[in-house]
Amino acid sequence: MGVAELQNMRDKVAIVGVGTTSQGIFPEKDGNDLAVDGFKLALADCGLTKDDIDGLITCKSYGGLGIDTQIAPMLGMNPRYSATLDYGTCNFSLHLAAAVIMAGFSDVVACVYGTNQRSNRNPFGATGADTDAFGFFNIAGPASMALRRHMAMYGTTEEQMSTIAVTFRKHASLNPIAYMKTPITKEDYLGSRYIVAPLHLFDMCLITDGGACLIVTSAERSHDLQKPPVYIMGMAESTGLRYLENDQQLMRPYIEKVAEQVYPAAGVTQKDIDVLFIQDPTSVWPLQMLEWYGFCGIGEGGSFIQDGRIDLSGELPLNTNGGQLSESYMWGWLHIPEAVRQLRGEAGPRQVQGAEVAQYCSTMGFQKAASTILRR
Amino acid sequence: MTTTEYRKPLPRIHDPRSRPYWEAAKRHELRMQRCPKCGYVRFPPGRYCPECLEASDTWITLSGRGTVWSFGIYDHVFNQAFNDDIPYNVALVELEEGPRLITNIVGIPNEAIAIGMPVEVAFDDVTDEVTLVKFRPRSASA
């Protein structure tokens, strides 16, 4: 399966700078402007200048923006290497950056993303697919099917699910850049309207504007910079690109193949993870991924998350930034900056004491999965 | 019903790959491509068999029988054309022959839909040109 090769990547590449803009509604800026804002903040974080950056990995964003050929001119850069990924989640961009650095295409790579899909009114409605005819819109559609199936198979309840939204909101209340900081209760969750039943309003991620950037380089290069490096211990990916042709696709069994690779690659187990991040377009993602990554058994996610276990002070703090449900929707780009801040001890009131190892798990829709394990 | 009254998004029935599927639906037949080489029934329609990459195909008529894998009830208007339908269901149906498709369950209230429910095809002539492939609870004799 190639785990031996992935092990060779252990601790060879580090994140040295992170930048996250304010998150919210910025109608005066477009997505590329916000990507530049994130880039400037990440440079300031690591003390490098733009002339030190010789690799640029951008991420497509709403409205046809986010392309490397648009962003490099805005940054006034002619990097040795550049690329644009057609999807977010940050893990895929980070893994490409690590591969680019290990292969020698670049020494220092900036991964950037910016979006103004809130101000630009992304409708998240019709996509042009034939399934639009049935009213099958938004990621909430397949997510609702996955959750209903999980409930039917394993007895997962809406009351159990409320814990995810309520906990993330509590974490967001401690995060200065979070867009939604007002605490919510289980009763608020259960009383909220359905978007696509059984998914409630509070199961859905926000729609916001913002920018983010990671600066990535080799371990050798990382040591003499402004902040302590955060090393990539392990990374792995898997796909279910045949989508509905695959059996049980919406339950995402292919995620287990990431788990089978990423822990051996990093040389750690689930018990070593001090703080966990799971991308959360809806709360179904944390439910499924806690299971596929082996933090609990398949079908046990609903009960596993109870009793404060995923709380900041619990045994497995999850999405200490508030995630996409409460911090901001940045297509998964804000979880890794928060992981880096946790491992540097910079998370302020959200700090997980003694955090040494963090993991981030994400998916591109229902079709690709990736995970990264980081250490200080 | 005329096309001017129907405001919901329509499938691309003139796409050369999928035209036989929509032409069959208009005749109230559920037809898909079976690979003459390996027997795989493919959906959505495509030039190549995704199992063995064979380029040829044989259009076959399916049983129209399947089961509900899962479903969601839309209570939010993502598209104004569905404003009057809220709450409406969207389901994933697994056909006996293997393919899975996104559809609506008709003929019963949303509350009566269940995972694993046996269903059969129900054609919905939404315009003069377009017939959508929907499903209803399977009758006992089917």
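B:H28 counts as partly exposed because 13 C-beta neighbours lie inside 10 Å of it. The cut-offs work like this: a residue is buried if 20 or more other C-beta atoms lie within 10 Å of its own, exposed if 12 or fewer, and partly exposed in between, with C-beta atoms placed from the backbone. This is a predicted model, where local features need pLDDT of at least 70, side-chain atom pairs count only at pLDDT 80 or more, and totals for chains, interfaces and linings use all residues. Residues are numbered from 1 along each chain as its sequence is written, while chains are lettered from A and ligands numbered from 1 in the order in which they are written.

Back to B:H28: its phi is near 65°, a positive value in a residue other than glycine. You can find B:H28 in the loop between α1 (19-26) and β1 (31-34) of chain B. Helices (H or I, at least four residues) and strands (E, at least two) are DSSP runs, numbered from the N terminus.

Is A:W331 buried or exposed? A:W331 counts as buried, because it has 24 C-beta neighbours inside 10 Å. Its phi is also positive, about 55°, although A:W331 is not a glycine. A:W331 sits in the loop between α12 (323-326) and α13 (335-344) of chain A.

What does chain B look like as a whole? Its secondary structure comes to 1 helix and 8 strands, following the pattern α-β-β-β-β-β-β-β-β along the sequence. Chain B has a radius of gyration of 16 Å, which agrees with the value near 14 Å that a compact globule of 142 residues would have. This radius is taken over C-alpha atoms, and the globule rule is 2.2 Å times the number of residues to the power 0.38. Along the principal axes, the C-alpha atoms of chain B fill a box of roughly 45 × 35 × 25 Å. Of its 142 residues, 30% count as buried.

Where do the two chains meet? The contact takes 26 residues from chain B and 26 residues from chain A; two residues are in contact if their C-beta atoms, placed from the backbone, lie within 7 Å. On the side of chain B that touches chain A, β4, β5 and β6 (100-103) of chain B each supply at least two residues. The most comes from β4(B), with 5 residues.

Finally, the core. The largest nonpolar core has 140 residues, and A:A110, A:C111, A:L214, A:I215 and A:V216 have the most contacts inside it. Helix α9 (residues 255-266) of chain A gives the most to this core, with 7 residues. A nonpolar core is a set of buried Ala, Val, Leu, Ile, Met, Phe, Trp, Tyr and Cys residues joined through C-beta atoms within 7 Å. Leaving aside neighbours within four places in sequence, A:V216 is in contact with several residues, including A:V13, A:I15, A:L94 and A:C111.
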